[in-house]
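Open the model in your viewer and keep the selection tool at hand. We will go stop by stop.

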Amino acid sequence: MSYSQLRVGSAPQGRGELRDQPRCAGRRSTAVRSTTALLSAGALALTGCSSKDPAGKPLARQDIVPAARAQVADGGTLRWAVDSVPETLNTFQADADATTSRVAQAVLPSMFRLDAKGSPEINPGYLESAKVVDTEPKQVVLYKLSQQAVWSNGREIGAADFAAQWRALSGKDSSYWTARNAGYDRIERIQRGANDLEVKVTFARPYADWRSLFTPLYPKEVMGTPDSFNDGARRKLKVTAGPFLVKKIDRKADRITLTRNPRWWGRPAKLSQLELRAVPRDERADELAAGKLDLAEIEPGLAHRIVLAARPQGTATPLQGPDGSDDAAALRGFEVRKSFEPAYTQLALNGADGPLADERVRRAVARALDREELAKAVLKPLGLPAVPVGSHLALSGQPAYADNSDALGGQDTKEAQALLADAGWVRGGPVTEPQEKGEKAAGSKGRKSEDESQGGDDGTYIVGDDNKARAADHKAPGEADREKKQPEKRKEHFAQDGGQQLKQGGAPGAYAPMGTAAPAVAPAGPLAKNGKPLTLTFVLPTGDGAETLRTVADRIRRMLDRVGIRTKLKKVSDDSYFKDHIASGEYDLALYSWPSSAFPATDARPIYAKPVPAADGSLNVEQNYTRVGTDQVDQLFDQALSTLDESESRSLIRKADSRIWATAASIPLYQRPQLTAAKKNLVNAGAFGFQTPGYEDMGFLKKGAKASASAKPRS
């Protein structure tokens with residue numbers, strides 16, 4: 001998944017262990033333990049609790065029920081739920097989404113794929129070797145292709161395909177409507193090597209992340225001209241080279257059918273067909289129960305129902321579907337497979353203007369947060385390790401990972417209050433509340449959401465105004481009487497933490513643990529400065545399945561209330577959340593997720609690059625939606641990108657991450673959970689974690705065969 005696929009409030013698109021070493025999850029409460037037991041279906045291997053390597057280990061393995069190919073039946077169709085039928089099959093275009101990438105993985109060459117730790121490894125289906133053969137005077141990489149590698153039209157994969165992709169993505173020809181060209185813009189030339197199976201790539205400037213290139217690789221028939229690039233690969237792929245090929249795209253039925261590639265030279269696909277079906281997340285329970293799906297990412301509520309349904313008959317509580325029917329029997333053929341997505345959820349702080357333009361206020365917000373509590377609220381009920389993410393640039397287990405959160409510091413209420421006082425925000429000062437239309441409290445630019453503009457207080461619930469979290473002995477004289485006369489606030493709504501991205505796709509949310517202690521009491525009266533209260537606008541999308549953000553956003557707001565920061569919830573539609581709020585800077589606080597990358601020097605740089613003025617006077621923020629950056633972070637990324645010493649590059653990435661923590665504009669919270677419903681006899685598929693799926697090995701067990709935890713279907 002590329003960084004262009006931000007997961008909002010949900011991912012394009014979200015890691016780690018604290019104090020440089022893995023930490024064990026704490027003891028579960030009785031209430032949490034009971035829920036965890038229900039979600040324990042599927043093997044989940046957790047890491048140990050000690051490691052000298054700051055990168056640590058992945059917090060959980062993939063959960064795919066591995067089986068040797070000899071145990072997998074030949075034939076069959078896997079019906080796999082996806083979030084969309086994509087607008088384009090060209091992953092290098094701006095409207096590519098997660099399904100675009102999934103199709104590309106199954107039907108196109110990839111020089112490298114990701115292993116279980118999220119690191120790139122040579123894909124033996126296409127490469128015999130790939131390595132840097134010269135560094136002076138220029139960096140030269142030599143690719144030796146598989147002798148059998150051919151396109152579906154019979155033509156050999158070769159230097160002409162590499163050269164066509166380089167020219168299309170180099171950025172030199174604006175006729176190509178490309179969304180990204182990182183790395184390709186550093187190539188000087190591409191040549192045939194000693195024979196047709198060798199491709200020699202010479203770089204004008206050193207490029208540490210050269211392994212990120214040519215994955216996927218499109219044929220020259222797609223990349224050769226602007227017309228074929230811009231339009232030819234949007235709705236069809238005539239020439240492919242993978243275990244599957246595109247048979248049909250049916251937009252009326254919302255499905256893509258992939259079938260075995262008869263020219264595939266590797267191990268033949270076990271499945272006859274892969275059917276990718278666009279099914280909204282709130283409809284997946286019905287589709288599973290109706291027997292129309294075999295594999296689907298799901299929300300925790302549905303996972304809970306599937307686990308209950310798997311209990312012996314007579315012991316499970318009757319389950320009701322959305323229509324009130326008992327669907328226990330229908331769901332009994334499925335199980336829940338769980339791991340972590342290669343993505344993390346963060347709290348973003350918009351530092352463009354308002355109180356958060358002051359680094360002291362951003363740091364105060366960060367120091368008010370108990371990230372361990374937030375991680376536990378989301379992950380412990382799912383039986384996943386409740387470990388906060390310690391890096392912006394890698395996840396636990398990836399080579400570049402190290403917990404650098406000490407650069408900012410942990411939860412400290414007194415320190416947060418001291419930072420606010422130093423920034424001039426004090427209690428007890430005169431406060432002039434906004435009265436006229438268009439007048440606003442200190443905070444974001446104050447544009448009303450669609451919900452707010454329709455009247456009522458549905459989108460304007462302010463933590464700190466309702467006084468419900470304050471003790472009676474902190475109320476001002478007559479305050480309790482006034483509260484009785486005020487109309488009851490409507491229950492606030494929160495956006496989902498699953499399924500929504502810049503391009504669609506994502507993962508499920510989580511249950512809120514029971515028995516959570518009440519928040520600490522804050523002194524009465526808001527913080528104020530220049531007659532305005534310190535109120536931050538917390539913008540969230542309003543999708544279905546809102547469990548995770550209901551938990552996370554509510555807890556964050558109460559944590560901030562303890563230090564005197566009021567928060568106003570602003571509900572907006574999913575469609576407008578990114579475009580009209582995050583990208584345009586109309587927010588103070590927001591929750592969204594970034595995917596991890598095996599190449600952070602390339603992929604993460606535009607997310608944290610210092611915004612610069614554009615020629616038209618606007619601010620070019622690239623993907624840095626917090627609008628906070630420093631020259632030093634930019635320099636560290638540039639250095640990491642240009643060194644071919646992998647150890648030195650990792651060190652530079654970790655230094656850059658420390659500086660990003662210090663700016664307090666993006667606060668990583670937790671790695672995103674991945675819950676998948678799978679047919680019990682489906683093997684080599686499920687919650688993939690970091691690892692690139694092995695499409696040729698997926699299938700259904702032969703009758704009488706059993707999966708083996710030690711099976712290694714992929715070479």
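## Stop 1: a neighbouring pair

Select D580: this residue counts as partly exposed, at 25% relative accessibility. Keep in mind that this is a predicted model. K579 itself counts as exposed, because its relative accessibility is 54% and exposed means over 50%.

## Stop 2: a bridge between two helices

Next, select D638 and R605. Their side chains meet in a salt bridge, 3.1 Å from N to O. D638 lies in helix α18, while R605 lies in helix α17 (residues 605-608), so the pair ties together parts that are 33 residues apart in sequence. How accessible is D638? It counts as partly exposed, at 34% relative accessibility.

## Stop 3

Select D83, R281, R284 and E297 together. Salt bridges that share partners join these four into one network. Then go to D358 and R360. Their side chains meet in a salt bridge too, at 2.8 Å from N to O. R360 is partly exposed, with a relative accessible area of 31%. Across the model, the count of salt bridges comes to 29.

## Stop 4: inside helix α18

Return to helix α18, which spans residues 631-642, and select F637 there. Is F637 buried or exposed? It counts as buried, because its relative accessibility is 0% and buried means under 20%.

Now show what surrounds it. Leaving out residues up to four places away in sequence, F637 touches L393, P600, A601, A604, R605, Y608, I653 and I660. R605 is the salt-bridge partner of D638 from Stop 2. F637 and A604 are 33 residues apart in sequence, yet their C-alpha atoms are 8.7 Å apart in space.

## Stop 5: the nonpolar cores

Which residues touch the most other members of the largest nonpolar core? Select M111, Y143, F214, L258 and Y608; the core has 102 residues. Helix α3 (residues 159-169) gives the most to this core, with 7 residues.

Zoom in on M111. Setting aside residues up to four places away in sequence, its contacts include Y126, L127, Y143, L145, F162, L213, F214 and L217. Among its other contacts are E121, N123 and T215.

Methods. Residues are numbered from 1 along each chain as its sequence is written. This is a predicted model: local features need pLDDT of at least 70, side-chain atom pairs count only at pLDDT 80 or more; totals for chains, interfaces and linings use all residues. Side-chain values use heavy atoms; hydrogens and water are left out. Helices (H or I, at least four residues) and strands (E, at least two) are DSSP runs, numbered from the N terminus. Buried means under 20% relative accessible area, exposed over 50%, partly exposed in between (1.4 Å probe, protein chains only). Contact means heavy atoms within 4.5 Å. A nonpolar core is a set of buried Ala, Val, Leu, Ile, Met, Phe, Trp, Tyr and Cys residues joined through side-chain atoms within 4.5 Å.
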